[in-house]
Amino acid sequence: MGKLNVDGTEIQVLQIEEGDYISLTDMVRKIDNGSALIEKWLRNKNTIEFLGIWEEMYNTDFNVTAYEEIMLEAGLNRFIMSVKQWVSRTNSKGIVAKAGRYGGTYAYKDIAFEFASWVSPQSHQPPLQVGVCKRPPKGPLILARLKGGCRKLFYWLPLKSGSFTIFFS
């Protein structure tokens with residue numbers, strides 16, 4: 001288990017299979033009613049859509065039928081979704097709820113960064129470049145060299161139209 005220190009807040013990082021999962025619980029620990037933010041985030045239709053796209057890309061066991069049913073419910077005032085419900089209904093691997101020591105909600109780093117930008121927009125730097133390309137890159141990460149020798153990572157996500165949108169990380 002590793003730890004990140006972000007602005008004086010210690011955030012646990014678990015190694016699950018071959019991925020780093022970052023504690024969303026630790027990310028909101030110093031915010032009033034912070035634990036409620038995770039469930040509020042999961043109620044958001046855009047969040048469900050993002051999680052579904054991520055799972056379709058990286059999880060061959062993802063239950064797409066259950067996801068589509070959830071998307072029909074998402075956005076309604078009565079819609080409620082917990083991490084455990086999401087995982088049990090969709091066989092999700094990108095976000096997990098752990099009990100006991102080091103318990104809490106953990107998400108794969110891509111998902112954790114998305115959550116961080118939802119909780120605190122200032123944690124998400126504005127994109128340097130956003131574009132659409134015709135052919136996908138060789139992997140989900142693109143390393144770009146910027147002016148002054150700086151290097152930045154970009155993420156891409158496939159769209160149903162066949163093009164690919166590049167997001168700044």
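Me: Which residues of helix α5 are buried?
Reply: The model is a predicted one. Helix α5 spans residues 83–90. A residue counts as buried when its relative accessible area is under 20%. In α5 the buried ones are Val83, Trp86 and Thr90.

Me: Within what arc do the buried residues of α5 fall, seen down its axis?
Reply: Lys84 and Ser88 are exposed on the other side of the helix. The buried residues line one face of α5, because their directions from the axis fall within an arc of 65°.

Me: Is Thr105 buried or exposed?
Reply: Thr105 is found in strand β5, residues 104–108. Its contacts include Leu24, Val83 and Ile95. The relative accessibility of Thr105 is 10%, so Thr105 counts as buried.

Me: Which residues have the most contacts inside the largest nonpolar core?
Reply: In soluble globular proteins, nonpolar side chains tend to be buried together. The largest nonpolar core here has 32 residues. One of its members, Leu24, touches residues including Ile38, Trp41, Ile95 and Phe115. Those with the most contacts inside the core are Leu24, Trp41, Ile48 and Trp86.

Me: How many salt bridges does a search of the whole structure find?
Reply: One of them joins Asp26 to Arg29, with the closest N and O atoms 2.3 Å apart. Asp26 is buried at 5% relative accessibility, whereas Arg29 is exposed at 53%. The search of the whole structure finds 3.

Me: How many residues apart are Lys93 and Asp61?
Reply: The side chains of Lys93 and Asp61 meet in a salt bridge at 3.3 Å, N to O. Lys93 sits in the loop between α5 and β4, and Asp61 in the loop between α3 and α4, so the pair links distant parts of the chain. Lys93 is partly exposed at 33% relative accessibility, and so is Asp61 at 44%. The separation of Lys93 and Asp61 in the chain is 32 residues.

Me: In which helices do Arg89 and Glu73 lie?
Reply: Their side chains form a salt bridge, at 3.2 Å from N to O. The pair ties together parts that are 16 residues apart in sequence, because Arg89 lies in helix α5 and Glu73 in helix α4.

Terms used
Residues are numbered from 1 along each chain as its sequence is written. This is a predicted model: local features need pLDDT of at least 70, side-chain atom pairs count only at pLDDT 80 or more; totals for chains, interfaces and linings use all residues. Side-chain values use heavy atoms; hydrogens and water are left out. Helices (H or I, at least four residues) and strands (E, at least two) are DSSP runs, numbered from the N terminus. Buried means under 20% relative accessible area, exposed over 50%, partly exposed in between (1.4 Å probe, protein chains only). Contact means heavy atoms within 4.5 Å. A nonpolar core is a set of buried Ala, Val, Leu, Ile, Met, Phe, Trp, Tyr and Cys residues joined through side-chain atoms within 4.5 Å. The arc is that of the directions from the helix axis to the C-beta atoms. A salt bridge is a side-chain nitrogen of Lys or Arg within 4 Å of a carboxyl oxygen of Asp or Glu. Lists of a residue's contacts leave out its neighbours within four places in sequence.
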